[in-house]
Each structure stands twice: as structure tokens, then as C-alpha cells.
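Please prepare a short briefing on the structure shown below.

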Amino acid sequence: MLLDVDNLRTYFHSRHGTVRAVDGVSFSLGAGETLGVVGESGCGKSVMCMSLLGLIPQPPGRIESGRARFGGVDLLACSASELRAVRGCRISMVFQDPMTSLNPYLRVSTQVVEPLLYHKGLSQPAALEQAIAALDAVGIPDAARRIHAYPYEFSGGMRQRVMIAMALVTRPEILIADEPTTALDVTVQAQILERVRTMQRELGTAMILVTHDLGVVAGVCDRILVMYAGRIVESGTVRAVFGTPAHPYTAALQKSIPALHRKGDPLYTIGGQPPDLRREIAGCAFAERCEFAVECCQRPVELRPLTAEHWTACTRRLAGDITLPGAGTTSR
Amino acid sequence: MGNDRTTDVATNPAPRARADGTAGVPEQGTSLWGDALYRLRRNRLARFGLAFSILVTVVSFIGPYCTPYSYDATDLVYGAQSPSPEHWCGTDTLGRDVLTRILYGGRISLTVGFLATAVSLVIGVLYGAVSGYLGGKLDAVMMRAVDILYALPFTVFVILLTVAFGQDLRLLFLAIGAVSWLTMARIVRGQVLFVRRQEYVEAAVALGLGTPRIILRHVIPNVLGPVIVYATLTVPAVMLLEAALSFLGLGVQPPMSSWGVLIKEGAEKMDIYPWLLIWPAAVFSLTLFSLNFLGDGLRDALDPQGARD
Ligand SMILES: Nc1ncnc2c1ncn2[C@@H]1O[C@H](COP(=O)(O)OP(=O)(O)OP(=O)(O)O)[C@@H](O)[C@H]1O
Ligand SMILES: [Mg+2]
């Protein structure tokens with residue numbers, strides 16, 4: 001495995017209590033694989049990604065436990081300089097908001113060549129050439145000229161392409177994309193994801209793709225993690241998880257996709273609120289919103305295999321007490 | 001140059017399509033600095049300020065070589081003379097040419113102003129940026145140090161230095177330099193606190209860049225706007241400080257001259273020989289005005305609000 005994350009816990013300590021943003025997450029990522037991460041807002045997806053690259057502000061954040069093995073080093077325990085050598089070179093990250101992720105005072109060229117100069121030690125002309133090629137590859141027309149423009153001269157979609165080019169220009173082994181297309185309109189989103197897919201295949205880059213869009217996951221990812229309240233409640237191949245969801249939360253998420261509703265039906269929403277992460281939850285975090293919850297759901301749960309490629313944290317499903325309706329594999 | 005923005009890459013309309021003819025848009029990518037310069041050039045007062053400041057500086061530094069008199073050459077036979085074709089601004093009670101002394105004094109006043117500003121730029125910007133970017137305990141300690149220096153009464157500080165080390169022009173530079181960076185450090189720190197929360201700084205961290213590089217390349221350029229404005233306003237402020245000290249007899253000592261010294265000497269005899277006060281005071285005030293106009297113009301030109309509408 002390329003990346004092996006084991007029991008990652010990231011807490012935020014504040015005067016008002018401890019926020020358990022990521023609470024015992026384990027997963028692995030193979031070379032070239034695309035892993036989707038879904039879950040409601042605030043369930044700790046971003047914090048999980050940032051933890052891997054040591055980008056959690058400390059304080060208030062703290063990595064309480066865990067290991068993230070990546071090519072012989074533990075990302076969570078290695079020195080700052082080891083981490084810097086990984087960031088932006090072997091593992092790159094693309095942030096959600098393309099409008100604010102580029103430095104407004106520096107030309108795009110300056111920013112895209114930066115990782116090449118810094119990590120690869122290329123000369124300026126060689127770096128510029130590669131940067132132009134990268135911009136070209138993400139679909140920026142007339143890249144050789146436009147690379148010298150300033151960020152404000154680019155639209156949101158173009159800026160996000162720039163960010164992606166910047167992330168891929170060093171040919172990283174892993175690309176972490178935290179909702180890379182959420183701020184963009186649907187057509188641009190599809191174009192960009194398509195480009196990323198193509199480049200990923202060319203470079204053999206693995207990707208962790210955080211998104212709210214289950215359709216995107218179905219279309220782009222190999223495997224999927226479903227997160228709830230800082231924990232993974234279900235994981236497996238896209239086909240398994242979407243075909244036969246094995247956790248009531250996943251089933252509910254699927255049911256709430258508007259496109260799968262008959263016209264006129266009221267939109268399905270999951271009742272109740274996600275739990276307050278400051279409260280210690282002993283059992284299943286979803287129990288209070290779950291229609292299948294029984295007393296035994298208050299006991300500690302853990303992610304266990306249902307089949308070799310399908311894991312769930314639902315005790316009742318594991319015991320075979322309940323069956324969940326599958327929506328069939330959604331495809332785009 | 002035309003105003004058609006051929007460099008627009010946006011697939012949707014440019015965020016700032018400008019209706020007015022934009023002269024001086026570079027071929028590729030107008031920088032925000034380019035925009036600011038353009039707005040500055042349209043501001044008449046700022047243009048005047050810039051031109052006059054440059055003029056005064058150049059004349060002060062070259063002038064003393066061109067006048068036929070030395071700044072301390074006395075002519076006790078004639079004493080104070082009113083302005084005449086030989087002495088454009090008259091002479092003082094010791095018969096020294098006032099114009100030469102104004103030019104020579106300008107050299108010292110401006111040097112004090114620019115040098116102290118340079119000190120405040122280098123120390124203040126680095127200090128403030130490091131303090132603000134690293135934050136935490138280091139920030140608290142660094143800023144308390146600034147507070148303590150701030151609390152020292154400046155005049156007392158200078159008097160103490162003078163008593164301890166005697167009259168020395170270098171001491172004056174040192175004293176002014178020591179206090180002038182404090183406000184700069186505070187301004188920069190405040191800006192950096194904001195900038196370091198920006199996503200592009202986070203993105204730079206995620207790119208694996210080291211802290212010094214992030215501070216120099218990504219943080220400082222983004223706080224330069226307020227820094228430039230404040231620096232421009234520091235020059236006149238420091239010159240005023242120097243004048244005040246010289247006026248009190250703590251600064252530049254005769255026979256050397258500075259604008260402060262000249263105004264002091266002029267003020268003593270202003271009822272008999274008014275030109276001794278009028279000329280230095282006029283040049284000094286005009287220079288202060290110019291620098292302040294320039295500073296205000298820069299503030300407007302670099303205002304991010306202005307840059308985005
Ligand atoms: N700097 C911080 N200080 C305190 N709490 C934080 C901090 N950053 C994140 N959190 C908390 O961590 C939890 C998880 O946040 P996170 O940003 O990972 O959610 P997310 O799953 O990415 O949501 P979204 O889909 O909206 O991006 C939230 O409850 C949030 O309040
Ligand atoms: Mg997020």
C-alpha cells in the first residue's frame with residue numbers, strides 16, 4: 001500500500017471543550033487508486049486531509065494518536081523538514097476555494113514554477129517550460145502566454161485548473177483534493193474532473209477526493225470512505241457501497257440525492273442534527289438519528305468486514321439483523 | 001498603449017472591466033502595482049508631492065556644490081543682508097549665505113528622514129512579519145518589547161543619550177532610528193495576522209515551502225501596500241522630529257545646519273530679519289506637505305477597495 005493510515009485522531013482543544021474532529025480513522029490507499037471521502041459538513045473530512053500533511057494549526061489542534069505510513073516514513077511523527085520534502089512534492093493538496101488559494105500579488109508563472117524550483121531544483125527556464133506544459137495539460141488555452149498573467153485575470157474554473165496544475169507539476173504520488181470543484185458550476189466541474197482523471201492515469205497518481213457529490217464519487221472513484229462525526233462508518237468499493245449500502249447513514253445519504261427522487265415527492269432529508277463533536281460518544285454516533293437503532297447501538301462499534309472489500313461499522317447490519325435498500329450503482 | 005485588455009483569460013467577464021481608458025497597461029498582466037501606479041499618476045496632489053520631493057532632494061544634494069558660498073563661510077563685515085542678486089535668500093547675522101545653508105540643511109534633514117525610514121522599513125517589516133506569522137508566545141514577547149520601547153519618553157531618551165555619549169550626529173540617527181520602526185512593526189504585524197490566515201498562505205505551506213520563504217515571498221508582498229504608505233508618512237514625521245530636537249538644541253549643532261536649526265535661528269531674529277525664518281520654514285513646510293500628499297495619494301492608490309472596483 002502506498003499510504004497506510006492507522007487510528008488517526010485529531011482533536012481541537014478549546015476553552016469550550018475538546019472537539020473530536022477526527023476520531024480513530026484507519027484506511028489505506030493503493031498506488032494510482034482514487035479514494036472518495038463523503039459525509040455531511042463538519043464530519044472531519046478536511047481535518048483528516050490536513051492532518052496527513054501536518055497542516056493542522058497547533059494549538060488548538062493536536063494529533064492525539066495514529067500513524068500514517070507513506071514510503072517508509074510516518075507522516076504524523078516525522079520531522080518538519082521531512083514533512084516539507086513530502087508536501088507539494090510527493091503529496092500535493094488542492095483546496096476548495098480557487099478564488100483565494102492563489103497569491104494575488106504574484107504572477108501565475110511565479111507560483112506554478114515554485115514547487116519545481118523548490119523541490120526539484122530545476123532552473124527557471126526548465127521549470128517554466130514544465131509549468132506551461134502542466135497548464136496546457138489541465139486545459140488552459142494559450143498557456144504559454146497566459147502563464148504570465150495575474151490570478152485575478154483568471155475565472156474561478158481557470159484558477160482551479162491552475163491549482164491542479166500546480167499540484168500535479170511535481171508528479172506527486174498522491175493528490176489530496178478537498179472539494180476541488182464545489183465552488184464551480186456543473187459543466188466546469190465535469191471538465192476539470194475529467195482532466196484530473198486523465199492526468200492521474202498518465203502520471204499514476206493516487207487521489208483522495210473529498211466531495212459532497214455522490215454522483216462524482218460514483219463516476220470517478222474506485223473506493224469510498226463514508227465519514228460520520230469524525231469516524232468512518234462504511235468503506236468499500238464504489239460498487240459495493242452504492243449497490244448494497246451496509247450502513248443506515250449511507251443509505252440515508254443516497255436517499256437524499258435530489259436526482260433520484262420522483263418529481264413532486266418531497267425531498268428526503270436525514271432527520272435531526274449531526275452530534276456535537278465535543279460530546280464523547282460511546283456507541284454508534286449515528287444511533288440518535290437512525291431508524292434502526294436499538295439498545296445495542298449504544299455499545300462501542302468498530303469498522304468490520306462484511307466482505308473482503310466492504311466494511312461497515314453498523315453492528316446490526318453485521319449481525320444480519322437489518323437489510324438496507326440499495327439505490328443501485330449510480331453512474332454519471 | 002490601448003485600453004483593450006487582450007490579456008484576459010477569464011471565460012467569464014473580467015472581474016474589473018474598466019470603462020475609462022487605461023493608459024500604461026503592460027502587454028502581459030497588469031499587476032496590482034501597475035494599477036496602483038496608474039491611479040497615483042491621476043492624482044494631481046500626489047503627482048505634485050512626488051515631483052517636489054524629488055526636486056528638493058536632488059537640489060539639496062547637488063546644490064551645495066553649485067553655490068559659490070560655503071555653508072559656514074562667515075562675512076562679518078556685512079552681517080545680515082536681505083535677499084539680493086548675490087544672496088538669493090539673504091545672509092544671516094554672521095553673513096552666511098542662507099540659500100547655501102538651506103540646501104546644506106536639507107541634505108541633513110532629508111538624510112535623517114530617509115535613513116530613519118529605511119531603518120524602520122527593514123527592522124519594522126521583518127520584526128512585525130516574524131512576530132505576526134509565528135504567533136504564539138514569541139509574538140507576545142516580541143510585542144511586549146515593542147510596548148516597552150514605545151513607553152520610553154523620546155525626548156528624555158535623546159537627552160540621556162546626549163548626556164551619556166556627548167553631542168554626536170550619529171547618536172541622533174540612532175535615537176530616531178530606534179523609535180521609528182516601532183509603529184511600522186505594529187502595522188506589519190497586524191496585517192500579517194490577517195494575511196497568514198489566507199488560503200494562499202496555507203496553500204504555500206501545503207506546497208512544502210519553508211517558513212522564511214513563505215514570509216519573504218507570500219506574506220511580505222501582501223502587506224507592502226500599508227507599509228509603503230506608512231513609510232512615506234514616516235519621512236516627514238522623522239524630519240519633524242529632527243527639527244524639533246534641533247530646535248531644542250539637542251539635535252544638529254551649529255555651524256552645521258539642518259532645517260530645524262535654521263528655523264530655530266530664524267525664529268530668534270524674526271522681527272528684524274524675517275527672511276531668516278521665512279525661507280527655511282517655507283521650504284520645510286512645502287517638503288512636509290509634498291511628502292504627506294504623496295503618502296495620502298499612495299494610500300488611495302493602494303487601497304484594495306479601490307483596486308477592485
Ligand atoms: N481550527 C479549528 N479549531 C477548532 N475546531 C475546528 C478547527 N478546524 C476544524 N474544526 C472542527 O472540526 C470539525 C470538522 O471540520 P472539517 O472542516 O473537517 O469538516 P468537513 O467535513 O471538511 O466539512 P465541510 O464538508 O463543510 O468542508 C468541525 O466541527 C469543526 O468545527
Ligand atoms: Mg471541508
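In this predicted model, 8 strands of chain A form an open sheet with mixed pairing, in the order β6-β7-β8-β3-β9-β10-β12-β11. Two strands pair if DSSP finds at least two bridges between them; helices (H or I, at least four residues) and strands (E, at least two) are DSSP runs, numbered from the N terminus.

**The sheet**

- The edge strands, each pairing on one side only, are β6 (91-94) and β11 (304-307) of chain A.
- On average, neighbouring strands of this sheet are turned by 20° against each other, direction ignored; axes are lines fitted to C-alpha atoms, for helices over the stretch in contact, and angles run from 0 to 180 degrees between N-to-C directions.
- In chain A, β3 (residues 34-38) pairs with β8 (residues 206-210) in the parallel sense over 4 bridges, and A:Leu35 stands opposite A:Ile208 of β8.

**Ligand 1**

- Ligand 1 is surrounded by 15 residues (a heavy atom within 4 Å), and A:Ser41, A:Gly42, A:Lys45, A:Ser46 and A:His212 are the closest.
- Helix α1 (residues 45-52) of chain A gives the most to this shell, with 3 residues.
- A polar side-chain atom of A:Ser46 lies 2.6 Å from an oxygen atom of ligand 1, and an N or O atom in the side chain of A:His212 is 2.9 Å from a ligand oxygen atom.

**Basis of the values**

- Residues are numbered from 1 along each chain as its sequence is written, while chains are lettered from A and ligands numbered from 1 in the order in which they are written.
- Local features need pLDDT of at least 70, side-chain atom pairs count only at pLDDT 80 or more, and totals for chains, interfaces and linings use all residues; side-chain values use heavy atoms, with hydrogens and water left out.

Technical notes. A polar contact is a pair of N or O atoms within 3.5 Å; within protein, one must be able to donate a hydrogen and the other to accept it, and residues adjacent in sequence count only if both atoms are side-chain atoms.
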